[in-house]
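Have a look at it first, and then we'll go through some of its rings, charges and contacts.

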Amino acid sequence: MTDKKHEPQTVSDKIIDKFLYALGAEKGFEDTAARLRKKVLEDKSTSEKAIRDALFGENNS
Amino acid sequence: MIRIQKIHIHEFRGIRDLNVDLGGENFAVCGPNGTGKSGVVDAIEFALTGNISRLSGRGTGELTVKDHGPHVASRSKPEQAFVALTFKIVLLNREATITRTVEEPNKPTITPDDADVKAAMEHIAQHPEFVLSRRELIQYVLAEPSKRSEEVQALLRLEKIEALRGTLQKICNAENKGIKQLENSQEVAKKSLITALEITKWSTADILTEVNKRRVILGLPELKEIEKDTSFKDGLAMAAGSTETALHIPKAQAVKDIEALQKLLDELKEKTFIESRTVILKDLTDFNADIDSLGKLTHENLLQSALKLYDDEHCPVCDTEWKPKEFKALVNQKLQKLVAVKEKKEKLEKRILPIASSLEILAASLGTIAKYGPLFMTPIDVQTFKDEAKKMTDSAKQLRTFLPLTDTIEAFENDVCDIAAIKTKLDEINKAVTEIPEPSLQIVARDYLIEGQVRLENFRTQSSQLKTCQAVVEHSTKVLGKYGEVVTAELNDIYKNVETTFRNFYRIINKDDESKFEAKLTPSMGKLGFGVDFYGYGFFPPGAYHSEGHQDGVS
């Protein structure tokens, strides 16, 4: 669940939040969704490196 | 949500001094032209965000909040121009006051200055859509669908949605490009294995037939199937007279490898290959001669690198601090202007890839034969093969890299390889191979299984790397697909809400003669169509058949 501190404020973040829930519900994508949540919603980054790290894990990107 | 209690506007926009107690009620501002109605809207926006939309954005190049925020009579005294807004934060049931001066718009005074009030203020600043001028509204009404989509996304602060989609797409594209190279490496390994196994088509049955023929000669049990850890030479070390210790040239295999290289060299001389290279070289040279395109191409490459190297804080070129959203928006805006040159580049890259693959296959074939050189009774110097193989590998790498263009042209202009020198050396090796005494059937069978296994393992390694890359592509493609699915559904919901609310408002305002008014927003990739139907004649864009009065009404 999204904690109160990181509750999405903008329309963009709310939509991305819904996407991450949907992705996290897919088998095999739970960890990817959690990493993307950290990078995009908490760290507020959409840089290629950040998203690569989130998609494949920092050791595999 | 907040409700405005009081507002004090001083020397701001068209207003000298205005104190209004709104008591938290809904309100409308009306009056003759030029009396400062818009100034009140500007003041509310300024107090809450520190910005005035009408003085920023497209078409407002010379206007600034600092220079044009104060009343014209106080234009040199921005410190005197201020707005104080007292409001109630409904959710917290608390009252707060925010005061901003034009001189320091980013340093508001907030009372009480505590975390909850600050958080509420930050939330409001994230939603600038509460202030829309008539000019902006008519812009949304009359815009082309693609422009409207862009404008509405900017209004709703949806740039991040597009930024994330762009990054996910870019990663998918890059990984897909990697697959092409790995597919080629796997194909090279496969061809090499086919040559070694003496089969004409890739079939498990054919492989087993050929391998088992040799295993029977060596008295080894036949293989029933080929699994991921199957070894063609399983049990070979135990078979009589089949030790692997001696380094020697497997004659039959060497003959096949020489034939394969000869065939590749012949293909280089084929008309279609020569013509294809000539046409591509001409297109590359023309592209390079077009200074404008070349400059744009270099610029495009620089911008792509900048996006890749940007660390969310500093420009990778000049170290200037940039906010991520602003940096990416600026670079992407510049990249948009270079789309045509980028497409031309991608088409050329696609045509070059088969040439790069041919070079890699030829380099692998030279490498295979070069291994035999030191194994002859009188070793043969195969440095020519090694040098040519390296030259071809480097050329293939440059062709795949594409930039700098001059290096790619140079790789094209040079001969693919020194065919004459290779042929001379190949003849020498061929002669030496022919002179090798005919080995016994057992030795030929043993050589077959050993070399076949070496190439099978190489093929497995290449296949495994390809499989890993394919899994990565599948993973990122699925993420991108899910993203598109959710985002499209969410945006559709937003547009549907806007459509319904807008239609209902219009019907209420014009209930006398247009109570059946209908509106339709049609989102599609990168576009937002807008149709209106006043009298049941069907949906048309607002600017199509409708009067300016109707267009204003819609605004």
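## Charges over rings

Let's start in chain B, where Arg214(B) holds its charged end over the ring of Tyr448(B), 3.9 Å from the ring's centre. For a charge to sit over a ring, NZ of Lys or CZ of Arg has to be within 6 Å of the ring centre and within 35 degrees of the ring normal.

| Charged residue | Ring | Distance to ring centre |
|---|---|---|
| Arg214(B) | Tyr448(B) | 3.9 Å |
| Arg37(A) | Tyr21(A) | 4.7 Å |

A quick word on the ground rules: this is a predicted model, where local features need pLDDT of at least 70 and side-chain atom pairs count only at pLDDT 80 or more, while totals for chains, interfaces and linings use all residues. Residues are numbered from 1 along each chain as its sequence is written, chains are lettered from A and ligands numbered from 1 in the order in which they are written, and side-chain values use heavy atoms, leaving out hydrogens and water.

## Where the chains meet

How many residues of chain A are in contact with chain B? It's 27, and they touch 33 residues of chain B, with contact meaning heavy atoms within 4.5 Å. Six salt bridges turn up across this interface (a side-chain nitrogen of Lys or Arg within 4 Å of a carboxyl oxygen of Asp or Glu). Glu48(A) makes a salt bridge with Lys170(B), their closest N and O atoms being 3.2 Å apart. On the chain A side, helix 1 (11-24), helix 2 (30-42) and helix 3 (48-56) each supply at least two of the residues that touch chain B. Helix 1 of chain A gives the most, with nine residues. Helices (H or I, at least four residues) and strands (E, at least two) are DSSP runs, numbered from the N terminus.

## An aromatic cluster in chain B

Back in chain B, Phe502(B), Tyr506(B), Phe517(B), Phe530(B) and Phe534(B) form one aromatic cluster. Rings of Phe, Tyr and Trp (its six-membered ring) pair if their centres lie within 6.5 Å; planes under 30 degrees apart count as stacked, over 60 as edge-to-face and the rest as tilted. Phe502(B) and Tyr506(B) share helix 16 (residues 441-509), sitting four residues apart, about one turn of the helix. Phe530(B), meanwhile, belongs to strand 7 (residues 527-533).

Is Tyr506(B) buried or exposed? Tyr506(B) has a relative accessible area of 4%, so it's buried, and Phe530(B) counts as buried too, at 11% relative accessibility. Buried means under 20% relative accessible area, exposed over 50%, partly exposed in between (1.4 Å probe, protein chains only).
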